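Please keep the structure open while reading.

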Amino acid sequence: MLTSFCSSSKLLKTFNGHTDRVHSIDYSEFDGNQYLCSGSFDKTVRIWDLETSKQVQSFNGHSDYVYCVKFSPYHYHNNSHHVVCSSSYDETIRFWNIKNNQELEIFNGHTDGVVGIEVSSFNGGRYLCSGSFDQTVRLWDIETSKSLHVFNGHANTVWCIDISPLQSNNNKSNSTSVGGNGYTICSGSVDNTIRIWDIETTKQLIVFKGHHNSVLSVKYGSNELGINGGANTILSGSDDFSLRLWDIRSAQQIQVFKGHTNTVRAVEYSPFVVEIGCNSNVICSASFDNTVRFWDIRSNKNELYLMKGNDEDLGMYSLKFLWLKRKNNNERDCGIYLCYGSYKGSIRIWG
């Protein structure tokens with residue numbers, strides 16, 4: 001799959017509208033259409049129709065940089081509302097109704113800019129966590145609009161955040177408990193550390209040390225990965241130009257991947273598999289060096305493949321794999337696409 005993608009992929013779509021770096025992108029499908037949302041240092045949140053490549057909405061309520069955007073599955077599954085939430089340097093998290101072009105709600109609580117946000121895969125997306133320049137991680141209940149807990153421990157800005165993936169034995173969306181099934185929050189910080197927090201007990205479980213500079217991206221592995229214990233791994237990218245893979249069970253660093261010549265801004269577990277003796281998953285990274293690189297999850301060897309962005313992009317800030325449906329003779333077939341947001345404001349899709 002990886003060889004096929006890399007050998008035949010090309011630039012398919014470009015979305016222009018942002019006037020500054022696109023710090024975050026997310027994907028969702030509703031009402032039979034597919035959408036991207038994006039957050040930018042131009043202080044806007046924008047919604048794009050993937051089929052037409054047109055901007056369908058722009059929200060201008062933030063008064064400062066927009067750092068992160070996420071579609072809200074909770075609003076869609078419970079109220080059939082199409083909602084995106086965003087975090088900003090203006091110290092707020094805001095929820096926007098896409099169809100009505102209205103701001104639904106503001107979460108206030110952080111005392112400095114809010115950077116990374118993530119919604120839970122469990123409990124129907126009811127919970128949201130956030131990281132901030134105020135050095136804290138917060139857990140929020142979207143249903144009640146309340147801050148449930150503040151996690152203290154980082155010694156500098158909490159730049160990136162993730163919530164552990166849905167466990168196969170817990171698929172109930174009406175549960176009233178938070179955690180209780182081993183769910184955790186992962187946070188990466190400008191203090192060079194990655195920390196794991198238990199949602200139920202609110203205690204700090206692990207501190208990962210190894211990066212030599214700010215940690216700018218963290219991602220949990222998933223149960224669906226074709227590797228042993230995939231859900232017990234964390235992938236991170238840093239201002240030290242490296243990606244690192246960590247094992248939660250042993251609290252140890254597993255691998256270091258070096259090759260980028262600038263900050264690694266975004267990391268992802270890719271949908272691709274390589275066959276070298278046995279199947280192994282591929283990880284992916286986007287950097288200020290204006291490249292996307294693919295790596296074998298099992299080895300420290302040089303990257304499997306390198307994709308260069310357009311020269312005018314001046315670096316990549318965000319990364320997302322998409323499973324897009326394309327119309328072909330009135331039928332829909334699926335393909336894997338790679339989407340990134342750039343320093344100059346363009347959003348591009350390769351496939």
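This is a predicted model: local features need pLDDT of at least 70, side-chain atom pairs count only at pLDDT 80 or more; totals for chains, interfaces and linings use all residues.

**Pairs around Arg-94**
- Arg-94 forms a salt bridge with Asp-90, in which the closest N and O atoms lie 3.7 Å apart.
- Arg-94 also meets the side chain of Glu-103 in a salt bridge, with an N to O distance of 3.0 Å.

**Accessibility of these partners**
- Arg-94 has a relative accessibility of 12%, and because buried means under 20% relative accessible area, Arg-94 counts as buried.
- Asp-90, with a relative accessible area of 14%, is likewise buried.
- Glu-103 is partly exposed, because its relative accessible area of 36% falls between the 20% limit for buried and the 50% limit for exposed.
- Through salt bridges that share partners, Asp-90, Arg-94 and Glu-103 are joined into one network.

**The pair Asp-240 and Arg-244**
- Asp-240 and Arg-244 form a salt bridge, and their closest N and O atoms are 3.6 Å apart.
- Asp-240 is buried, and Arg-244 is buried as well.

Notes: Residues are numbered from 1 along each chain as its sequence is written. Side-chain values use heavy atoms; hydrogens and water are left out. A salt bridge is a side-chain nitrogen of Lys or Arg within 4 Å of a carboxyl oxygen of Asp or Glu. Buried means under 20% relative accessible area, exposed over 50%, partly exposed in between (1.4 Å probe, protein chains only).
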